[in-house]
Amino acid sequence: MQELIRTLLEELGENPGREGLVDTPKRVEKALKFLTSGYEADIDQVLNNALFVVDYSEMVIVKDIDFYSLCEHHLLPFFGKCHIAYIPSTRVIGLSKIPRLVDVFSRRLQVQERLTNQIADVLRDRIAPVGVAVVMEATHLCMSMRGVEKQNSFAVTSAMHGAFRNNARTRMEFLELIKLRSAAATVQTAPSGGLACVGED
Ligand SMILES: [Zn+2]
């Protein structure tokens, strides 16, 4: 990878041999490997011993989870807050594991819609809750840094399953509790198209 980075620096018109850049290929490789380390993660290992059988059926909410990901269209960061809620059926998940799950899927090349869905899907599949909801709010540097469509560089996506999809009151209770920075009214189920970033440019 380091040789590729050196070539990239040359293509950008830089001199990879100058003092400030000599170690850059090594650093970039290390950074990129960390930022995409989610591919290597084993969900079973992440969840190890953290699923508990309980008699609890109220909404569990973990909000304002920081996340950092890379847009797969531009390899530039998008980052923000993730809010997760679920209503247990028989099992709950250790609260500290939830941000870890967000990291596992964030540390890959992503689009925000798929990232949101993957987090919701894994919770649905692993703890079989009555319902699960994930909302992500993010700033996309591929849009804000390049000056394109600045008004849309802040994107909100959501994925709702079970009670959060079927019961408007449950959904509204969740949205009210997380108090989105943007208007809750704009939240919609993630469309399949590239809402979160302009992939064509
Ligand atoms: Zn992008």
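Two residues are in contact if their C-beta atoms, placed from the backbone, lie within 7 Å. Helices (H or I, at least four residues) and strands (E, at least two) are DSSP runs, numbered from the N terminus. The model is predicted: local features need pLDDT of at least 70, side-chain atom pairs count only at pLDDT 80 or more, and totals for chains, interfaces and linings use all residues. Residue numbers start from 1 along each chain as its sequence is written.

**Exercise 1. The burial of helix H4**

Task: Name the buried residues of helix H4, and say what they pack against.

Solution. 
Step 1. A residue is buried if 20 or more other C-beta atoms lie within 10 Å of its own, exposed if 12 or fewer, and partly exposed in between; C-beta atoms are placed from the backbone.
Step 2. Go to H4, residues 97-106. Leu101, Val102, Val104, Phe105 and Ser106 are buried there.
Step 3. List the partners. The buried residues of H4 pack against helix H3 (43-46), strands E2, E3 and E5, and helix H5 (112-127).
Step 4. Of its 201 residues, 31% count as buried.

**Exercise 2. Two helix pairs**

Task: Describe how H4 packs on H5, then how H1 packs on H2.

Solution. 
Step 1. Axes are lines fitted to C-alpha atoms, for helices over the stretch in contact, and angles run from 0 to 180 degrees between N-to-C directions. Angles under 35 degrees count as roughly parallel, over 145 as roughly antiparallel, 65 to 115 as roughly perpendicular and the rest as oblique. A crossing is left-handed if the near helix is turned anticlockwise from the far one by less than a right angle, and right-handed if clockwise.
Step 2. Take H4 and H5. Their axes come within 10 Å and cross at roughly 135°. H4 is therefore oblique to H5. The crossing of H4 past H5 is right-handed.
Step 3. Name the residues. H4 gives Leu101, Val102, Phe105 and Ser106, and H5 gives Leu115, Gln118, Ile119 and Val122.
Step 4. Sort them. Ala, Val, Leu, Ile, Met, Phe, Trp, Tyr, Cys and Pro count as nonpolar, Asp, Glu, Lys and Arg as charged, and the others, Gly among them, as polar. The H4-H5 contact has six nonpolar, two polar and no charged residues.
Step 5. H1 passes H2 in a right-handed crossing.
Step 6. In this contact, Gln2, Ile5, Arg6 and Leu9 of H1 meet Thr24, Pro25, Lys26, Val28 and Glu29 of H2. These residues divide into four nonpolar, two polar and three charged.

**Exercise 3. The open sheet**

Task: In what order do the five strands of the open sheet stand, and which stand at the edges?

Solution. 
Step 1. Define pairing. Two strands pair if DSSP finds at least two bridges between them.
Step 2. Read the order: E5-E2-E3-E6-E7, with mixed pairing. E5 (109-110) and E7 (154-162) stand at the edges; each has a single partner strand, so one side of each is left without a neighbour in the sheet.
Step 3. Follow the antiparallel pairs. E2 (residues 60-71) joins E3 over nine bridges. Ile61 stands opposite Ala85 in E3. E3 and E6 run antiparallel, joined by 10 bridges. Cys82 has Met136 of E6 as its bridge partner. E6 (residues 131-140) pairs with E7 over nine bridges. There, Met136 stands opposite Thr157 in E7.
Step 4. Check the cover of E3 (residues 77-87). Eight of its 11 residues are buried.
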